[in-house]
Amino acid sequence: TTLTLTNTTHKPKTKAHCTLHDTKCLAAHHTSLQNGITLPPKKELINWLRTDARQEAELQAKLAGAGIPHLHVRYEDLFPKNSTGASDERAAVQWTQLYELVSRTT
């Protein structure tokens, strides 16, 4: 599959998430990806990424300041696409940290 990145404003035509077994929604997502992914213009995309990073940092600071146990994990670290010794080890560490956090807070 080839990703075609175009320089137009993103206007989603599907819901962000599908419910379990919603074949119509899943088919719409599959169809929408047939022609690639549409990204906003360069400047707009960069501004969005900066805003997203700033909001994430603010959220992390608020959680820490309030003493709320939390852990930031990445999907890619939990489910490595290409298994290597290092990626598998990183996944094991991340999963262990998640289990420990859930065990402490439940």
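This is a predicted model: local features need pLDDT of at least 70, side-chain atom pairs count only at pLDDT 80 or more; totals for chains, interfaces and linings use all residues.
Read along the sequence, they follow the pattern β-α-β-α-α-α.

The mean pLDDT is 81. Of the residues, 83% reach 70 or more. Helix 2, residues 42-65, has the highest confidence, at a mean of 93. Strand 1, residues 5-7, has the lowest, at a mean of 44. Over residues 1-10, pLDDT stays under 50. For that stretch the model still has 23 contacts beyond four places in sequence.

Next, the chain as a whole. It has 106 residues, and 10% of them count as buried. Now take the contacts between residues at least 6 apart in sequence. Of these, 49% join residues at least 24 apart.

Which cysteines form a disulfide? Cys-18 and Cys-25 do, with their sulfur atoms 2.0 Å apart. That distance meets the cut-off, because a pair of cysteine sulfur atoms counts when within 2.5 Å. The count for the structure comes to 1 disulfide. Such a link is a covalent bond between the sulfur atoms of two cysteines. The angle about the S-S bond is -75°, and the link of Cys-18 and Cys-25 is left-handed. The two partners can be set side by side by accessibility. Cys-18 has 25% relative accessibility and counts as partly exposed. Cys-25 has a relative accessible area of 7% and is buried. The labels differ because buried means under 20% and partly exposed begins above that range.

His-21 is the next stop. This residue sits in the loop between strand 1 and helix 1, the latter covering 23-32. His-21 is exposed, with a relative accessible area of 67%.

How many salt bridges does the structure hold? There are 2. In one, Asp-77 pairs with Arg-74, and the closest N and O atoms are 3.3 Å apart. Arg-74 is partly exposed, at a relative accessible area of 43%. Asp-77, at 14% relative accessibility, counts as buried. In the other, Arg-90 pairs with Asp-77, and the closest N and O atoms are 3.2 Å apart. Arg-90 lies in helix 4 (residues 85-105) and Asp-77 in helix 3 (residues 75-78), so this pair ties together parts that are 13 residues apart in sequence. Arg-90 is partly exposed, with a relative accessible area of 42%. Through shared partners, the salt bridges join Arg-74, Asp-77 and Arg-90 into one network.

Technical notes:
Residues are numbered from 1 along each chain as its sequence is written. Side-chain values use heavy atoms; hydrogens and water are left out. Buried means under 20% relative accessible area, exposed over 50%, partly exposed in between (1.4 Å probe, protein chains only). Helices (H or I, at least four residues) and strands (E, at least two) are DSSP runs, numbered from the N terminus. Contact means heavy atoms within 4.5 Å. pLDDT is the predictor's confidence in each residue, from 0 to 100. A salt bridge is a side-chain nitrogen of Lys or Arg within 4 Å of a carboxyl oxygen of Asp or Glu.
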